[in-house]
Amino acid sequence: MKKTPPALVLQRFGPLLGLVILCATLGVLSDHFLTFENLINVFRQSSVNALVALGQLVVIITAGIDLSVGSIMGLSCVLAAMMLKSGVPPAVALAGSLAIGAALGAVNGTLLTKLRLPHPFIPTLGMMNVARGLALVISGGFPISELPASFRFWGAGTVLWVPAPVIVVIFFCVIFHVFLTRTTVGRDIYAIGGNPQAARLSGVPLDARLILVYTLSGMMAGAAAIVLAGRMNSGFPLAGSGAELDAIAAVIIGGASFFGGVGTVGGTLVGALIMGVLRNGLNLLNVSASWQTVVIGVVIVGAVLVDVIRKRAAERG
Amino acid sequence: MSLLELRGITKAFGGFRVLEGVDFDVRPSEVHALAGENGAGKSTLMNIVSGVLPADSGTILWEGREVQIRTPRDAQNLGIAFVHQELALAPELTAAENIFLGRHPARRGWVRWGEIYSRAGELLRELGQDIDPRRKVIELSLAQRQLIEIARALAFHSRLIIMDEPTAPLGSKDAEGLFRTIGALRERGVSVIYISHRMREIYEVTDRVTVMRDGRRVFTKPTVETTTDELVRAMIGEELKARMTAEVTSCAAEPGEALRIDGEFDLVVHHGEVVGLAGLAGAGRTELLEWLFGAEGNSVRPIFVNGLPVKIRSPRDAIRHGMGLVPDDRKGKGLVLGASLTDNIALPGRRDRLFLRTADERRSAGELMGELRIRAVSLDQQLRYLSGGNQQKAVLAKWLSAGSTIFLLDEPTRGVDVRSKGEIYDIIRALCARGCAVLLASSELEELLALSDRIVVMHRGRIAGELTRADATEERILHLATGGSN
């Protein structure tokens, strides 16, 4: 093996290092933090964000952004609950939630590519409003509660001592990691983010890839909706409010770049965990929710700032 | 006394001398042509005058006083303006605001719009064209935008305006308008340095002409005392011409055509043949190659590949039919600079497969790296850290790894060091020895003459003529490229 330069090691494992330091610090400050139960709890609390962030990661690698995922969660959540209430089998409702998310994502991608909207901000901002509005209209603004146990399992159940949502996250992480690193389509997505012109002139079908990317992002919002509805035992129209911003934060903290071409599943998972650990740890330390928000804001900017400073140093040296 | 005088200007890039002791001067109210082939040093010299590049040695005199021009701002303050080929205007703002951009007439921070519009209108009228200063730049034609840039230079009280091939993107009627504007500038006492290699224009608008070749000044003369023939010979150089004819290599064309376009645009490339594509900037070489490659979407004109009619709707189709494009702009269109050498080389060959064959890709990239002598630290190195020559070889490697048989090369040695240039020539010759078809667009005549079996010359988007290797000379190519008949 050739030796990897230290700057590269830091770039690859920087977010993980941050997570480890954060956990160690919280372990010193609080007796409860480094218990197995608490750590599993953190993982469970981070699972919804991690799922949405996986979809967002794929979008951000193409130098795009998807603002609609939070609202898509809301709509998927409500529709899945309504399906269950009308007697549809849980497995079908589950598939339905994923399909609804994927379909709305495909609409985003189609608007962006086929109708040539100038920037992904526009179609996904539109979808953000449309999907949330529809969720409220369809549900009448009220949560639909009391879901069947076999559906609730995906949010609240455990296998041995591992929470089901954690298993769902690991499952999708493996799928997305293999997709992004081992398939030609996955590498096309990095090429598009790195230089869309060069990718197109190398035969990469830009439109098809971009539509796929937004479809995946929507589908992951649908997956997150299942976990959230299961945990809350209800489909509520405001589910996932602000989830898009948490997901973007996790992806960026995890080392991806808004300019595209860069980002990993591992980094994104770590990014989501950093946000979860911060919230959990600050809770244990009795820091108010309002101050937690301030801290998370600082961490987002700080993480990117460290990245930028390191890159500048690397370019000089 | 001269307005601007350069004495003994020297400039080197990484040990490669691009300017060697150049003397040059411009008189007040003079239109001075600067002629020479690409790479003769015209642009570098003008970049030094406009403060974009520092000279290594030599002095600059402005109205007889020695001055230092370290930044574009210094040049601006002296009264030197550069009207660039790619115009630098804000398209959504009005013509008037663009003219005064960055120096809005104002009183205590409040912009005086009335004054902006009236002064802009005056300037535009003086330049002999009637443009409403309230119109947005995006609504104006290319010729009108050029005029805005010139008006902008006047608003800066510029006394010397440098124009770099200003007629390249213009039609002949717009060009006439530009010549009238240049006349108006001369009457106002403004001097113009006019970079061009179109003979007709040099004779039509300029007072004196300076010819550069290989980083030196060949001569400066009053334009009326020169002949076209004399200028062309000065631009090319006698000894070079002798060397080029000796360097010709032959790789006999196999029977069977690889690529053909029919109709008004008649072009054939055979297997094992290099067809050169010559023409001035803006003649349409890049457009032709990108159109062949499907980069602009649906094609209407029929293309024949290996004798069969094919429809090329996208680069994917072109690649499927064995084509590979080495674009004119390797950073913008050819490579993913942030990705590794392997990823870049393997990209076009990845169609029609789902899972990566990492081991195969690495082996193939490794072989090509050795074969094409791509100097990189490893197969994982990001392309952005490679030199221009090695990046260009990586673009060629993409198509070799994809198994292309028809190579469309657009300026394959632009911005490449001398050693890599020789190596790229070897690669092109090896391609045609293997039976590949090569369509080679280049603005370096020397390159076309050294590599091509035939040379097709373009002029304003059309084929102006075709020359066989035996017939092709720099004079003949330039003659056709500037609109002369065969």
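1. Is Glu411(B) buried or exposed? Glu411(B) is buried, with 23 other C-beta atoms within 10 Å; a residue counts as buried if 20 or more other C-beta atoms lie within 10 Å of its own, as exposed if 12 or fewer, and as partly exposed in between, with C-beta atoms placed from the backbone. The residue sits in the loop between strand S19 (406–410) and helix H16 (418–433) of chain B. Glu411(B) has a positive phi of about 50° although it is not a glycine.

2. The model is predicted, and local features need pLDDT of at least 70, side-chain atom pairs count only at pLDDT 80 or more, while totals for chains, interfaces and linings use all residues. Residues are numbered from 1 along each chain as its sequence is written, and chains are lettered from A and ligands numbered from 1 in the order in which they are written.

3. Most residues other than glycine have a negative phi. Leu160(A) lies in the loop between strand S2 (158–159) and strand S3 (162–163) of chain A. Leu160(A) is exposed, with 4 other C-beta atoms within 10 Å.

4. Between the chains, 25 residues of chain B are in contact with 19 residues of chain A (contact: C-beta atoms, placed from the backbone, within 7 Å). On the side of chain B that touches chain A, helix H11 (315–320) and helix H12 (330–334) of chain B each supply at least two residues. Helices are DSSP runs of H or I with at least four residues, strands are runs of E with at least two, and both are numbered from the N terminus. By class, that side of chain B has 14 nonpolar, 4 polar and 7 charged residues. Ala, Val, Leu, Ile, Met, Phe, Trp, Tyr, Cys and Pro count as nonpolar, Asp, Glu, Lys and Arg as charged, and the others, Gly among them, as polar.

5. Chain B is divided into domain 1 (4–237) and domain 2 (243–481), with bounds from an automatic or database domain assignment. The C-alpha centres of these two domains of chain B lie 34 Å apart. In chain B, 10 residues of domain 1 are in contact with 9 residues of domain 2.

6. In chain A, helix H3 (residues 69–85) and helix H11 (residues 243–253) pack at an angle of about 130°, with their axes 6 Å apart. Axes are lines fitted to C-alpha atoms, for helices over the stretch in contact, and angles run from 0 to 180 degrees between N-to-C directions. H3(A) and H11(A) are therefore oblique to each other: angles under 35 degrees count as roughly parallel, over 145 as roughly antiparallel, 65 to 115 as roughly perpendicular and the rest as oblique. Val69(A), Gly70(A) and Met73(A) in H3(A) meet Ala243(A), Glu244(A) and Ala247(A) in H11(A).

7. Chain B has an open sheet of 4 strands in the order S14-S13-S16-S17, with antiparallel pairing; strands pair if DSSP finds at least two bridges between them. Strand S14 (267–270) and strand S17 (308–310) of chain B are the edges. The twist averages 20° from one strand to the next.

8. Elsewhere in chain B, 4 bridges join strand S15 (residues 274–278) to strand S21 (residues 454–459), and these run parallel. S21(B) is also joined to strand S22 (residues 462–468) of chain B by 6 bridges, running antiparallel. Their hairpin has 2 residues between the strands, and Arg460(B) takes a positive phi near 45° there.

Note on methods. Contact = placed C-beta atoms within 7 Å.
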